[in-house]
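Subject: Structure handover

Hello,

Please find the structure below. My notes on what came out of it follow.

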Amino acid sequence: MIERSPYFDAFTYAVMIIGLGLVVFPFWVVIVAASQSLQEVSSVPISLLPSDQLWVNLSEAWERGGLGTKMLNSMIVSVGVTIGKITLAAMSAFAIVFFNFRSRMICFWLIFITLMLPLEVRIVPTYAIAANALMPFQAILDVTGLTWLVQTVSGVQVSLNWNLLNSYTGLILPLVATATGTFLYRQFFMTIPDELVEASKMDGASAMEFFWDVLIPLSRTNMLALATIMFVSSWNQYLWPLLITTDRENFGTAVMQLRFLIPTMNGTPDWNVTMAAALIIMLPPLLVVAFMQRWFVRGLISRDK
Amino acid sequence: MSQISIRGVKKVYQKTEVIHGVDVEIEHGEFVVILGPSGCGKSTLLRMIAGLEDISAGEISIGGQVVNKLEPRERGCAMVFQNYALYPHMTVKQNIGYALKVAKVAKPEREARVMAVAESVSLVPFLDRRPGELSGGQRQRVAMARAMVREPKVFLFDEPFSNLDAKLRVAMRAEVRRLHRDLGVTSVFVTHDQIEAMTLADKLIIMNAGNVEQIGRPTDVYNHPASRFVADFIGSPAMNLFDGEFDAEGEFLYGQGGRMSVPQLNGVRQPGRKVVLGVRPESVRRTGADAHGAIPAVVDYVEELGASRLIHAEANGSRFVAVDTETAAITNGMPVHLSVDGAALHLFSAEDGRRITH
């Protein structure tokens, strides 16, 4: 719909400016608060003009929160989760789209259904598994009586244990399965013409060669778009790291660390430091989105062939 | 020994049989064209040779080796697809060389072979471009180069020219002919375009509804169609076909009271048997009213072809198409007289459509 009249133009601009204001205002408050001194930030009503204490607050927040380690941890976890998600999503979509096995629709729907089960819903069983990743196998051994058998025969008590708490593996592994990513890849793979698959077969390429040489290069934009979303969402992950990390000093992530920078009931209400920390922590996802934006839009909307 | 041997091959999808037992022998170095209307199973047959479709029953062997259970890459076939199927993200050079790369051919040799093939189809200036930057004809040549570079035992073409315009199609036809002459590789070419089929084929296989109707040289198929279907399908304009029967005097009765005396068919006439009489438009001529056996007809319309024209006329409730090379003015609705060349008649059984030989 194309409409050109001054009133309509003014109206659309007004709507856009209001929308922009709603999005930008909280950020503005964060920036302003982060630049003020303790007195300024505690004054009522609060001033909406930035002050000159930004650098002081930033270094204070960095020091107090130990953000060096935390940012590094967050980076490791986010990159790990992103790579894991993309790899797993691409491979599972590859299996579902290009191989004709009997239960492939069942597999697809099982993956798809997990969209309805966010981490928060399955967090208790996931924690139980993370506490001992081999527990399901132990359970199988127990139920089938193999534990008893081994113990009777050899006298060895079978007790499998692989603890993922307080480890990068524990922070990353439970998050790498992604129904969204699989679905996105599936939709993309389904646009690949059959003739291309057949041409590669005639050229003598194996399934994996087709995957590497044809599918992966063709899905590049798709992959970057997915990487952007996945990076941001795993950087912002709060509940899981909080739950699985008891050794906060070494394995805490930046976002969960923010919680401990919020002033307590009886402590100093230094919100300026908290806001400065928030500013530091939201910087990486902001940069990633800024750099990937071009690919992001292309990968999700149009397909350049 | 033949290069490709297809014996009793059937194809069943779920429960529907789409190819009902095909037997074909293809000789070494032969150019074979499979021709048929869409949905006749010609592409399916080709894809079974290539290994892209399972063979439900029967046996296909290539170079004496049964290939039913072999992967496409083990069969030594190269294929040119209808929509080119080039890898969009690779350059022309990479597209052509991909099969060699997969086969782990060393890089210097690979480059040399790609270069040689690119030269033979004049693609050298385009080696670093991507398929998206090429015209239809160039893409088609890349697809052919990609097939050639592997030096296969058999070339398979699946309606490769159907996306090209008429002029380019003629040029590509000549190119394919030339390549076949130079390389001498056994080729199987699927098309629904009869001109393409007639001009390219050493041997023509006509398929209809999952059956082979006729196998033969193009001229044999044209001059001695084995069935009513082939007679109707091959040749443009299509053959005139008349349902009818012979009476006791040996005259052919057709349409509404039409009679034709056909002494040439003396040996095969069976009075009362339902038959189909066929005659090609070029064997139907305009003639004088007093000529022997002249059929009075009324012109329906005229198609001007330049060198000649086609007269569509009606006589005795039947439609006739005649080729006319004269220039005298003919208008719609004008009465004319037609004569049929008795030596160029084809007779088919009305029941099964097979040719009644004479």
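This is a predicted model: local features need pLDDT of at least 70, side-chain atom pairs count only at pLDDT 80 or more; totals for chains, interfaces and linings use all residues.

The largest nonpolar core has 152 residues, and the members with the most contacts inside it are B:Ile34, B:Ile49, B:Leu156 and B:Ile205. The largest share of this core comes from helix H4 of chain A (residues 67-98), which gives nine residues. Domain 1 (4-233) and domain 2 (240-349) of chain B both contribute residues as well, so the core lies between them.

Two residues of chain B show what the packing looks like locally. B:Ile34, leaving aside neighbours within four places in sequence, is in contact with B:Lys42, B:Leu45, B:Leu46, B:Val188, B:Val190, B:Ile205 and B:Met207. One of these partners, B:Ile205, is also among the residues with the most contacts inside the core.

The other is B:Ala50, found in helix H1 (residues 42-50) of chain B. Is B:Ala50 buried or exposed? A residue is buried if 20 or more other C-beta atoms lie within 10 Å of its own. B:Ala50 has 22 C-beta neighbours inside 10 Å, so B:Ala50 counts as buried. With neighbours within four places in sequence again left out, its contacts are B:Pro72, B:Cys77, B:Met79 and B:Leu156 in chain B, plus A:Met202 in chain A. B:Ala50 and B:Val154 are 104 residues apart in sequence, yet their C-alpha atoms are 9.3 Å apart in space.

Next, the contact between the chains. Chain B puts 16 residues into the contact and chain A puts in 15 residues. On the chain B side, strand E6 (77-80) and helix H2 (92-102) are the elements that give two or more residues. H2(B) gives the most, with three residues. By class, that side of chain B has 13 nonpolar, two polar and one charged residues. For the complex, the predictor gives an ipTM of 0.80 and a pTM of 0.78.

The two domains of chain B touch each other through a contact of their own. Five residues of domain 1 of chain B are in contact with five residues of domain 2. The domain 1 side of this contact comprises two nonpolar, one polar and two charged residues. The C-alpha centres of the two domains lie 40 Å apart.

On confidence, chain B averages a pLDDT of 88, and 99% of the residues score at least 70.

Chain A has 18 helices and zero strands. Its radius of gyration is 25 Å, whereas a compact globule of 305 residues would have one near 19 Å. Along its principal axes, the C-alpha trace of chain A spans about 75 × 65 × 30 Å. Buried residues make up 29% of the 305 residues in chain A. Of the contacts in chain A with a separation of 6 or more, 75% are between residues 24 or more positions apart.

One helix of chain A deserves a separate entry. In helix H17 of chain A (residues 271-281), 10 of the 11 residues are buried, so the helix is largely enclosed by the rest of the structure. Among the buried residues of H17(A) are A:Trp271, A:Asn272, A:Thr274, A:Met275, A:Leu279 and A:Ile281.

Regards

How values were computed: Residues are numbered from 1 along each chain as its sequence is written. Chains are lettered from A and ligands numbered from 1 in the order in which they are written. Domain bounds come from an automatic or database domain assignment. Two residues are in contact if their C-beta atoms, placed from the backbone, lie within 7 Å. Ala, Val, Leu, Ile, Met, Phe, Trp, Tyr, Cys and Pro count as nonpolar, Asp, Glu, Lys and Arg as charged, and the others, Gly among them, as polar. Helices (H or I, at least four residues) and strands (E, at least two) are DSSP runs, numbered from the N terminus. A residue is buried if 20 or more other C-beta atoms lie within 10 Å of its own, exposed if 12 or fewer, and partly exposed in between; C-beta atoms are placed from the backbone. pLDDT is the predictor's confidence in each residue, from 0 to 100. The radius of gyration is taken over C-alpha atoms; the globule rule is 2.2 Å times the number of residues to the power 0.38. A nonpolar core is a set of buried Ala, Val, Leu, Ile, Met, Phe, Trp, Tyr and Cys residues joined through C-beta atoms within 7 Å.
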